[in-house]
Amino acid sequence: SCTMKTAFTSDRRFLDHDTGSGHPERPARLSHTLAHLKAQPWFTQLQFTSASACNPDCLTSVHDAALVERARTSCTRGLPYLDTPDVAISHESFDIARLAAGSVLALADTIADGTADNGFALVRPPGHHAEHDAAMGFCLFNNIAIAARHLQRHHGLNKILILDWDVHHGNGTQHLFEEDPSVFYISLHQYPHYPGTGARSEDGISRGRGATLNCPMTAGAGNAEYTEAFSEKVLPAINDYRPDMILVSAGFDAHQDDPLGSINLSTQHYQWMTEALMDCADQHCDNRILSVLEGGYHLDALAHSVSAHISTLAGISTDP
């Protein structure tokens with residue numbers, strides 16, 4: 001494929017979100033992945049985008065102001081977690097979560113204004129479990145949902161498609177947009193599994209009926225089952241919808257080595273899924289894809305999968 005202008009953003013401050021010892025969503029996820037990326041000969045060809053913390057207005061475009069305030073005060077007071085024990089926080093976490101959202105917005109701007117074709121945000125904390133009024137599942141604020149609203153309000157994009165291939169269902173993203181046909185949410189995820197949502201029957205509410213597509217996968221599923229779901233469900237749905245931009249909730253915990261899931265994707269399959277999405281983006285939205293890190297908890301599997309995903313986005317052929 002031809003070379004794409006691929007933007008990349010990360011920040012060493014993401015390591016300051018301290019989740020405590022033994023927590024799977026740990027700073028090493030980013031430092032290990034970044035070290036691996038920096039060792040790739042193509043890494044310097046990426047377009048590096050810097051970010052600042054998003055202002056509270058961006059957060060309240062999808063979240064209840066009470067959640068934002070609760071996050072702020074909980075971190076300031078040094079409380080151990082926000083809303084639920086799995087959302088471990090530290091003193092810095094409110095600012096770091098705003099920086100994660102801000103990084104995704106900076107990347108969204110870069111792609112929407114044509115400075116880059118596509119891009120990847122290596123951020124933490126992740127976002128797709130965060131609900132309108134509640135943090136959950138390692139997530140404080142819903143990074144990708146905030147970006148979807150920003151693209152609509154500030155770049156005039158009407159139809160946003162969010163593909164979530166994290167092994168866990170993105171309950172927060174689904175619920176934020178399930179009555180809104182202008183954001184099509186598609187998820188492939190292990191089912192039943194945390195957080196329990198994402199049955200096939202969940203397809204949107206009222207005006208949003210048909211703009212949610214869940215592809216629940218059985219424990220033990222792998223490349224073949226995901227290829228079938230893509231070919232029969234996901235890609236036809238994207239092509240019918242004809243989005244103005246494709247956003248990816250890119251969790252890499254459906255990898256065969258991941259400790260938190262029981263799906264068996266290979267590293268190469270992330271490359272295949274990325275290529276399939278790029279074909280859709282080429283047809284419908286000037287190649288525009290914004291991809292954001294969600295889960296992925298085996299350090300080497302995460303690093304290699306992210307590397308395969310980004311190099312594919314950039315149109316760089318690498319040996320598997």
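Trainee: Where do D95 and R98 lie, and how many residues apart are they?
Mentor: D95 and R98 are three residues apart in helix α4 (residues 93-112), so about one helical turn separates them. Helices (H or I, at least four residues) and strands (E, at least two) are DSSP runs, numbered from the N terminus.

Trainee: What is the source of the model, and how are its residues numbered?
Mentor: The model is predicted: local features need pLDDT of at least 70 and side-chain atom pairs count only at pLDDT 80 or more, while totals for chains, interfaces and linings use all residues. Residues are numbered from 1 along each chain as its sequence is written, and side-chain values use heavy atoms, with hydrogens and water left out.

Trainee: In what do the side chains of D95 and R98 meet?
Mentor: They meet in a salt bridge, at 3.3 Å from N to O. The term requires a side-chain nitrogen of Lys or Arg within 4 Å of a carboxyl oxygen of Asp or Glu.

Trainee: Is R98 buried or exposed?
Mentor: R98 counts as buried because its relative accessibility is 17%, whereas D95, at 40%, counts as partly exposed. Buried means under 20% relative accessible area, exposed over 50%, and partly exposed in between (1.4 Å probe, protein chains only).

Trainee: How many salt bridges does the structure hold?
Mentor: It holds nine salt bridges. Among them, R13 pairs with D11, with the closest N and O atoms 3.0 Å apart, and D16 pairs with R12 at 3.8 Å, N to O. R12 is exposed, with a relative accessible area of 55%.

Trainee: Changing topic, how many aromatic pairs does a search of the whole structure find?
Mentor: The search finds ten aromatic pairs. Rings of Phe, Tyr and Trp (its six-membered ring) pair if their centres lie within 6.5 Å; planes under 30 degrees apart count as stacked, over 60 as edge-to-face, and the rest as tilted. F8 and F43 form an edge-to-face pair, at 5.3 Å centre to centre and 80 degrees between the planes.

Trainee: Which parts does that pair tie together?
Mentor: F8 lies in strand β1 (residues 6-9) and F43 in the loop between α1 (28-38) and β2 (47-48), so the pair ties together parts 35 residues apart in sequence. Both F8 and F43 are buried.

Trainee: Why is the pair of F8 and F48 edge-to-face?
Mentor: The ring centres of F8 and F48 are 6.2 Å apart and the planes stand at 85 degrees, so the pair is edge-to-face. This pair links F8 in strand β1 with F48 in strand β2, 40 residues apart. Ring pairs link F8, F43 and F48 into a cluster.
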